[in-house]
Protein chains: 2
Amino acid sequence: MISTRTSQPDVIAALEDAGLRITGQRRQVVAAIERRDGGFSAEDIAGELEGVGRATVYRTLKLLVKADVLCKLALPDGTPMYSPSRLEHHHHSVCTSCGAVEEFRDTTVERFLRSLTREIEGEIVGHRMEVFIRCLSCLGSSSS
Amino acid sequence: MISTRTSQPDVIAALEDAGLRITGQRRQVVAAIERRDGGFSAEDIAGELEGVGRATVYRTLKLLVKADVLCKLALPDGTPMYSPSRLEHHHHSVCTSCGAVEEFRDTTVERFLRSLTREIEGEIVGHRMEVFIRCLSCLGSSSS
DNA sequence: CTGATAGTTGATACTTACTATCAATAACTT
DNA sequence: AAGTTATTGATAGTAAGTATCAACTATCAG
């Protein structure tokens with residue numbers, strides 16, 4: 001069974017544990033991302049939360065990414081997208097038509113990275129992997 | 001033996017084949033990226049080529065990426081980096097300290113993608129993968 | 001509960017990495 | 001050589017943030 005995470009109180013607790021203050025604005029941003037499922041932009045959140053300043057939204061998203069409860073990914077052209085993170089260690093598939101994001105766990109990439117450890121000179125400190133797809137509903141409703 | 005590509009005349013020929021005009025500016029941009037080896041930014045090139053307009057540099061880099069002779073990658077924070085592409089199908093390791101870029105071919109990722117085809121609903125249309133490292137010289141000269 | 005203290009906020013201005021516009025220019029075509 | 005059409009570059013604009021800093025407020029110590 002796959003472990004899921006990221007219920008709102010947990011996120012708040014994680015921020016507390018990191019020695020950060022629990023402000024109304026941070027609660028609002030956390031609540032806003034909990035409500036979302038696919039990908040979204042920082043401006044989406046900033047627009048939705050009229051009462052929270054843009055700078056605070058960006059700062060909070062950055063905190064949440066660092067706290068590992070939010071993923072920052074990118075479309076093929078580099079446009080950034082955020083997506084709530086619910087699986088422990090995972091990667092993403094992003095539909096290039098509608099922006100739907102799915103998480104998937106994988107072990108193949110982990111195996112791959114272990115084998116790279118032998119090939120690459122230097123120390124591996126991280127990686128990024130995104131798979132771009134056309135999701136079923138976009139395939140279905142497409143003209144081509 | 002691994003096939004290498006991207007000698008200057010080839011790139012120019014590729015642009016011609018695509019029905020594009022060979023202008024002095026495009027030659028200059030191609031020459032500039034040929035001279036480089038690690039990662040660089042569009043502004044690096046624009047700064048180096050005083051005689052070529054910024055817009056043209058950006059446009060040409062985009063063409064070269066589409067022509068598959070240049071890769072656009074990103075640092076962990078999303079900052080874009082360009083790197084000349086010399087291997088047929090490859091991924092990159094990027095040193096997060098000095099920005100050095102290495103290309104490596106891989107088959108594991110390809111295998112991984114094939115297995116994903118069975119797991120993922122929808123059609124895989126692309127992927128992005130970057131491995132972030134600390135290269136040997138940065139490890140050597142580091143305080144930590 | 002009451003300050004004190006130090007982390008947070010938000011308005012604003014700035015930065016980076018581009019993209020759109022459009023008149024002027026230069027490559028290919030014949 | 002002339003015409004056609006892609007390309008260029010100056011400029012202005014956009015997207016996604018980040019820096020600044022005075023005002024604010026969570027949290028702690030008493």
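Visitor: How many residues take part in the contact between the two chains?
Guide: Contact means heavy atoms within 4.5 Å, and 35 residues from chain B and 35 residues from chain A take part in it. Residues are numbered from 1 along each chain as its sequence is written, and chains are lettered from A in the order in which they are written. Because the model is predicted, local features need pLDDT of at least 70, side-chain atom pairs count only at pLDDT 80 or more, and totals for interfaces use all residues.

Visitor: What area is buried between chain B and chain A?
Guide: Buried area is the accessible area (1.4 Å probe) that two parts lose on being put together, summed over both, and here that area is about 2,700 Å², with 66% of it given by carbon and sulfur atoms.

Visitor: What makes strand 5 of chain A and strand 5 of chain B a pair?
Guide: Strands, which are DSSP runs (E, at least two residues) numbered from the N terminus, pair if DSSP finds at least two bridges between them; 11 bridges join these antiparallel strands, and therefore they count as paired. Within this pairing, A:M129 stands opposite B:M129.

How values were computed:
Heavy atoms only, no water. Helix = DSSP H or I, 4+ residues; strand = E, 2+ residues; numbered from the N terminus.
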